[in-house]
Amino acid sequence: SRTKTQSTEQCLLLVVLLVSNMLLTKEGVTSLPICPNGSVNCQVSLGELFDRAVKLSHYIHFLSSEIFNEFDERYAQGRGFITKAVNGCHTSSLTTPEDKEQAQQIHHEDLLNLILGVLRSWNDPLIHLASEVQRIKEAPDTILWKAVEIEEQNKRLLEGMEKIVGRVHPGEIGNDAYSQWEGLPSLQLADEDSRLFAFYNLLHCLRRDSHKIDNYLKLLKCRLIHDSNC
Amino acid sequence: MKQKLTSSVQIILLLALTAVGWTGQSYPGKPKIIRCRSLEKETFSCWWKPGSDGGLPTNYTLFYSKDSEENFYECPDYRTSGPNSCYFDKNHTNPWTTYNITVMATNEIGSNSSDPQYVDVTSIVQPDAPVNLSLETKTSAGIMYLWAKWSPPPLADVTSNSHVYHYELQLKPEKKEEWETISVGVQTQCKVTMLQAGVKYVVQVRCMLDRGEWSEWSSERRIQIPNGESPPEKPTIIKCRSPEKETFTCWWKPGSDGGHPTNYTLLYSKEGEQQVYECPDYRTAGPNSCYFDKKHTSFWTIYNITVRATNKMGSNVSDPHYVDVTYIVQPDPPVNVTLELKKPINTKPYLVLSWSPPPLADVRSGWLTLEYELRLKPEEGEEWETVFVGQQTQYKMFSLNPGKKYIVQIHCKPDHHGSWSEWSSEKYIQIPTDFRVKDMVVWIIVGVLSSLICLIMSWTMVLKGYRMIAFILPPVPGPKIKGIDTHLLETGKSEELLSALGCHGFPPTSDCEELLIEYLEVEDSEDQQLMPSHDNGHPSKNAKMIPKEKDSDSGRGSCDSPSVLSEKCRESRALPSTLQTQDVRDVQENKEGKRSWETECIASEQKILLFNNESTKETTWPATQLPDNHPPMFAYHSIVDAHKITMTTTNVNIASFLVGNEEHKSQYSITETVHDDMEKQREMENLHSKTDQTTMQVIKTRPNDKSPFLNPKLMDYVEVHKVRQDKETAVLLKHKENSGKREKYTVPGTSKEYTKVSTVVDHNILVLMPDSRIHHTSVIQEPAMEMSQNLQQGQAEKNMSYCLTVPSECKRETSGSEYMDPSSFMPFK
C-alpha cells in the first residue's frame, strides 16, 4: 500500500507540474504579439500607435466641441461673435488640406508634419487657456476642467505623434514649424465683450483644429494601416 | 379726572369706529349677468359682473332652471370660460330649452342674487373670430391680386369642430376709413382683385354660424400691394447640407417677386478671403438652390453666403448665412439593410442585422467616419427600441420575442458633427416561434422540479411535523401517575413495552414510535408540577387533531367547550370504525401533514377502545359490581389494561400481562378485533338499537356542558362495555324511553346518563339504569368527565387511576382540555 500512495503522490505532482507549466506557457503566450522571441525592437506596432492617437484625437475634439458649445451657450448668445470670428485662427498660417482631394494628395509624411505643427501651435495657447479661463466670470466647472484636460491630452497626443513620425520616417523629426500664438493679451482684455470674443475665437479655432487633426489622423490611419480600405 | 374722561371718550370713540368698521362689512352687492353666448349652438357660456364684495371674500354661485322642469341646478363648470363665468357643455345644453339663470353672491354676512336671465341657446349663438389669417400677393397674367387665407375659429370641444361657417372679409387701404366688405361664403380663402398698386391694405375676416350673430372681426393683417415699381422681397436661406462631406448644397426661399420676373443670385465669400464668388451650380440641386461641388467645397472654413433677388425694379439681399461645411454633414440613410435569422444548434436563434454605408459617403478613405443607430419594434408596437451601434455595420440581436414580426430601421451620422440621416426604409422580419417550444420544455422541467421539491418538503414536514409541533408547543403536563414502576419501563423490554402501549402493528411503525415516545413523555412528566387546567393551552394543536371530516373551523374553540371536544373525539372514534386496515393505510398515504395526526388519532382511538374494554373489566365493572369473570378473550385486551394499570397504583404485574399477551394472541388479530368492535359499535349507534351487538362502547354520562371540575356533583358516569359475540356479553341500557334516544347522547337535554347498574343478567348482560336527574349523555371520549364522576362516586382509586390514564391518551388529541390532571381530583377525595 505504501507503493500505491507513493505512486499517487507522484501522479499528483506530475499533474500539478503539468498544470502550472500550462499556465506559465499561457502567460507567456499573451506577451508574444508585441515582443516576438528574441526581438530587439520590442515595441508597439504602428497600427496600435495610430489606434491610440485616433482615440486621443477623437477625445480631444469631443472635449473641444463641448467646451465651445458650453461657452457659446453661456457667453456668446446674441453677440454675433461668429461674424467676427471669420479669419481669426492663429494656425491659419499653416496651410492644411481643405478637402478630401487635397488631403488624399498630400504625402503622408507632410501630413504628419502638418499635424505635428498644428499640435505644437496649440501647446502654448492651451496652457494659457487653462489658466485664463478661470478668470471668466462665473465660469462653470465643466468649462474649467475641460480646458485643463484638453491641454494635458494635447501634450500626450503630441508625444504620440512624435513617436509615429519617428516610426514612419525615422531621423527626420525636426521641422518644428508651428504658428506662434499672440493672443494672450486678448484673453486679458479689460473690456468684457472683447475678452469674451477672444475666448470665443480661441475655442472656435480649437474646435476646428482639433477636428482637423482628428480627421487627418483617421485618414492617415486608413491610408497607412488599412491601405485605404477602412 | 379730565384725563380719565378724555381717555374714556377716546375708548368710546374707538369702539364706535370699530363698530363702523364692522358695519362696513356687509352682504355682497348684486351681481349682474353680462351676457350669455353660444359659440356653436352645442354649448354656451354665461358671464357675470360681480357686485361689491361687502369687504369679505365672496363666493359666486350660478343656478339655473329649465322651462320644462321645476328643479334648480348649479353651474356645471366654472372654469372653462374663465373667471366669473359658467360653461355649459354639450350635456348641459339643450337648444329647445329656455334657461332661467341666476347668479348668487355669498359671503359670511349674507348673500345677494342677480336678476334672472332667460337664455335661449339658439338665439345667443355667436362664434369666435376666424384665426390664422394670412395674405399673399400674386400675379396672374399680368394682373396683381391678393390671396387671403384663414382658419375657422377654434373650439374648446375639439370633437365638434365640424361646423360650417359663413365668412365675410373686409379690407381697406391703410390710410382710409371706409371698409370694403366682401361676402366670401363657406370657403376659408378669398381672392381679391381690383387693388390699387403700391398701397398697403388692411384685411380682417369674420364668421357666422347659421342665423346667429356675426363673430368679432379677426385681428388685422396688412399687406403691401406691389405697385410694379418695387424690388422683390429679400429671400431667406433655409439650409445648407453636405451629404458626404465633400460637396454641399444650400437652399433658399424667395420672397415676394414684386410682380416682376426675378432673378436669384447666390453669393459667397470664404473665410480669410475678400473675394466674393457666385454660386457655381444653380441647377444640380433643383430650383432655388446652389450646389457646391468638390472643387468649391472647403472644410474648416467659414462660408459667408447671401442670396440676392433682383428684378427690373431693383434687388434685395438675404441675411448672411455662415456655414462651416464640417458641421452641416447629413449623410443619406444606410443601404442594403439585411436581416438574417441565425439558428445555431443548441442555442437560441438570433437576428443578424447588416447594412452598408450610404453610397455617396467615402468611409474607406477615413475621410468620413459614420456611426450608426438602429431601431426596431414589433409590428403592432408603439415604441421603438433604439440601439446605438457605433461604427459597426453589423449587429446581432439576441433577445427578441418569438412569434412576432419586427420592423427594423437604421440611420447614420458623422462621428463628430452633423446630423442623423433619415431612417432607412423599413425592413420586416418574422421571428419564428420554435424557441417558444424550447421555453416550454424549460418551463415543464422547472415545474416538475419545483413540484418534486414541494413533495419532498411536505414529506419531510409530515415525518418531522409532529416532533416539530411538539417542540414548538411543549408537551402538556401529563397526569401525575402514582406508583408507576418507572424502573421497569426504563430497564428495557422495549418491545414488550411497545406492544403494551398499544402499537399492535396496526398503525405503521413510525407512528408506533411516536406513540411510544408519547408514553415516555408521560413518564417524564411525572416529575412535573401538574396544573389543574390549561383551558386554552394549545388550540392550534387541537385544531390539527381534527379528523379530516371536520373543517378546521369546528376545531377552534373545542378546547373551551368540553361538549364540542367530546363531539370531536367521538368523530375521531367514528373514523376508525369505518376504516379497515386498508383504509388506515390509505389515510397514511395522504401527503398532507394531517396524515400522521389522523393515523395517530386512530391509533389513540383504538387504544382508548382497548383500554376501555379492559377497564370495563378491570375497573369500571368492578366498580359497578360486575362479576370478575373475564372471558379468555380479554386477556389480550388486558395488554392495554396492563399498561394502564402499571401506570396506576394497582399492583399488577405488567410483565405477566405482557407475557400473557404474547402467549395469547397475535397482535394483528387484536387489531382486527378492535376494528370489528368499533365498527359494530358504530353500527349500534347508527341503528339506535342494541340488537345482536357484539360490542358496546363505553358510555359515560355527564351532567352538562359545564366543566366537570366546577360542577362535580353533576358528574355522572357509566361505561357500557363490549364484548365478545360468542360470549354474548353485553351491557344493556335500561331506558324508560326508546333506546333510539341514545343517538342523541351528545345533544344536551335529550340524553340520558346511566349511573347505576340495574342488574346483571346471566353474567353476560349488564343492565344500566338511567339517571333521571341528569339529561345529558356523552360518550366515553370525555375522560375528564369520567374522572370527575369517578371521584364523585367515590370509587376505588383503581377507577380513578384508570380514568387518569385515559386522558393521558386522549389528551394528545385534545391537548387543550387538560381535564385529567390528577391534582385537580385530589380534593374530591
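Does A:Cys230, at 40% relative accessibility, count as buried, partly exposed or exposed, and what is its class? A:Cys230 counts as partly exposed. Please bear in mind throughout that we are discussing a predicted model.

The partner of A:Cys230 is A:Cys222, and the sulfur atoms of this disulfide lie 1.8 Å apart. The torsion about the S-S bond is -110°, and the link is left-handed.

Let me turn to the helices of chain A. Helix 6, residues 141-168, and helix 8, residues 192-224, have axes that come within 13 Å and cross at roughly 30°. Because angles under 35 degrees count as roughly parallel, these two helices of chain A are described as roughly parallel to each other. Their crossing is left-handed. Helix 6 contributes A:Ile150, A:Leu157, A:Met161 and A:Val168 to the contact, while helix 8 contributes A:Leu206, A:Ile213, A:Leu217 and A:Leu224. The contact residues comprise eight nonpolar, no polar and no charged.

I come now to chain B. B:Cys240 and B:Cys250 are joined by a disulfide, and a torsion of about 110° makes it right-handed. B:Cys240 belongs to strand 16 and B:Cys250 to strand 17 of chain B, 10 residues apart. B:Cys240 is buried at 9% relative accessibility, and B:Cys250 is buried at 1%.

A further disulfide links B:Cys279 and B:Cys290; its torsion is about 105°, so this one is right-handed. Both of these cysteines are buried.

Finally, the disulfides of chain B follow the pattern 1-2, 3-4, 5-6, 7-8, and the whole structure holds six disulfides over all chains.

Notes:
Residues numbered from 1 in each chain as written. Chains lettered and ligands numbered in written order. Predicted model: local features only at pLDDT ≥ 70, side-chain atom pairs only at ≥ 80, totals over all residues. Heavy atoms only, no water. Axes fitted to C-alpha atoms, helices over the stretch in contact; angles between N-to-C directions. Helix = DSSP H or I, 4+ residues; strand = E, 2+ residues; numbered from the N terminus. Parallel < 35°, antiparallel > 145°, perpendicular 65-115°, else oblique. Left-handed = near helix turned anticlockwise from the far one by under 90°. Contact = heavy atoms within 4.5 Å. Nonpolar A, V, L, I, M, F, W, Y, C, P; charged D, E, K, R; others polar. Disulfide = S-S within 2.5 Å. Buried < 20%, exposed > 50% of the residue type's maximum accessible area, 1.4 Å probe, protein only.
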